[in-house]
Amino acid sequence: MQHQKHLFDLSEEITYLNGAYMAPQLKSVTEIGVQSVKRKAHPNEILPEDFFNEKETLKQRFATLIDAKDYKNTAIIPSVSYGIANAANNVPIKKGDEIILVDEQFPSNVYIWQEVAKKNDATIKIIKPPIELENRGKCWNENILEAITKNTAVIAMPQVHWADGTLFDLQAIREKTKTVNAMVVIDGTQSVGALPFSIKEIEPDALVCGGYKWLLGPYAIGMAYYSDAFNNGTPIEHNWMNRYNSEDFSGLTKYEDQYQEKAARYSVGESSNFVLTPMMIKAVEQLIEWQPKNIQEYGKSISKDAVQKLRELGCFIEDDAYRAYHLFGIYLPNHINVEEIKAKLKEAQIFVSFRGNAMRVSCNVYNTEEDFEKLLNCFI
Ligand SMILES: Cc1ncc(COP(=O)(O)O)c(C=O)c1O
């Protein structure tokens, strides 16, 4: 894969290694967004079927991206907290059960579990990484597997850690949860779109993704997958559109107890959002064309020299087998002054994030090897 800089509108003056914070927008996505905003000036042109068609298309495209068998298991959500809450409120949890989380997860996949634990007299078990850096990712994964016991009701975690890209072996985790009948809820916000995710292979109970990072979509729209285990659950809100026969506008006050099929009940109200939905479709279609495995390969090829040199300078970057290539953490050794590095980055207009103790670097197809050379220059 070649770089795709020309499809984005990033300024040549800056080096943007911060897609994990917010992805830049594809020009094609901006374009359809502008057209879509203008569309409401002519409401007579927005037809009743438009309330349904585009959101079905978006669900289908997302299902393709995540390799899900039935697109009807997907839903449109406004945020990760919303999508996780839909799952958390419907996971059967009884007194004494354990909810497993990994250390320093993003709060949208923590607060709701604290709430659910309190309500059901359950406990939260947080699996920390080992203190030693050697084999950190490997040991962390082993500790997670070991923590899953017959007391586990659910494990709610990401595919890669948002702060430093540590990669979790979801397939092994899923296998272990099956032996104790525990559910698996995944926050895919920092991976899906840039790292392959297959529902067919991993078989999670739920997968929730914010749209504005690796899905390259606009802010305030995301996508979720809920397995058939959630087909009879209670959604966190009750929008008319998610009920059976809502396409019949003249019959809407014949209030309907039945929902539309499968996960449709979990879509946010007004999910036919006439601006964000077409933008999200465009972005996901581009990702399907590129393929996440190629994005991962591309990230690896442009960053490998810099990673090697940073390790030689004494920085810790997780073993390649236990980290992502689109997002990784650089832990600085004591002899490198973080404030000096921050000043150099600022002067060179290089954008990265600092999360926990890690400097988080995240790249995509708008980046090049030169961007990593510029980053490296701030260390030498
Ligand atoms: C792992 C992860 N999940 C979720 C979010 C966003 O959550 P929400 O959509 O609830 O604001 C972020 C944002 O940085 C994130 O990194």
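Mentor: The discussion below takes up the terms in turn, for a model that is predicted.

Trainee: What makes the radius of gyration of the protein chain agree with that of a compact globule?

Mentor: One sets the value against the rule. A compact globule of 380 residues would have a radius of gyration near 21 Å, and the protein chain has 22 Å, so the two agree. Along its principal axes, the C-alpha trace spans about 70 × 55 × 30 Å. The chain holds 11 helices and 12 strands, and 44% of its 380 residues are buried.

Trainee: What share of the contacts with a separation of 6 or more joins residues 24 or more positions apart?

Mentor: Such residues account for 74% of those contacts in the protein chain.

Trainee: Why are the buried residues of α6 said to line one face of the helix?

Mentor: In α6, residues 170–180, the buried residues are L170, I173 and T177. A residue is called buried if 20 or more other C-beta atoms lie within 10 Å of its own. Seen down the helix axis, these buried residues fall within an arc of 60°, so they line one face. The face turned away from them carries Q171, K178 and T179, which are exposed. For that word the count must be 12 or fewer.

Trainee: What covers the buried residues of α6?

Mentor: The cover includes the helices α5 (136–147) and α7 (199–202) as well as the strands β5 (152–158) and β6 (183–187). After α6 comes N181, which has a positive phi, near 60°.

Trainee: Why is β6 called largely enclosed?

Mentor: The count decides the matter: 5 of the 5 residues of β6 are buried, so the rest of the structure largely encloses the strand. In a regular strand, side chains alternate between the two faces of the sheet. In β6, M183, V185 and D187 are buried on one side, and V184 and I186 are buried on the other, with both faces covered.

Trainee: How do you know that β6 is paired with β5 and with β7?

Mentor: Two strands pair if at least two bridges are found between them. There are 5 bridges between β5 and β6, which run parallel, and the chain crosses from β5 through α6 to β6 in a right-handed β-α-β crossover. Between β6 and β7 (residues 206–210) there are 3 bridges, again in the parallel sense. Both counts meet the requirement.

Key:
Residues are numbered from 1 along each chain as its sequence is written. This is a predicted model: local features need pLDDT of at least 70, side-chain atom pairs count only at pLDDT 80 or more; totals for chains, interfaces and linings use all residues. Helices (H or I, at least four residues) and strands (E, at least two) are DSSP runs, numbered from the N terminus. The radius of gyration is taken over C-alpha atoms; the globule rule is 2.2 Å times the number of residues to the power 0.38. Two residues are in contact if their C-beta atoms, placed from the backbone, lie within 7 Å. The arc is that of the directions from the helix axis to the C-beta atoms. A crossover is right-handed if, with the strands pointing away from the viewer, the path from the first strand over the helix to the second runs clockwise.
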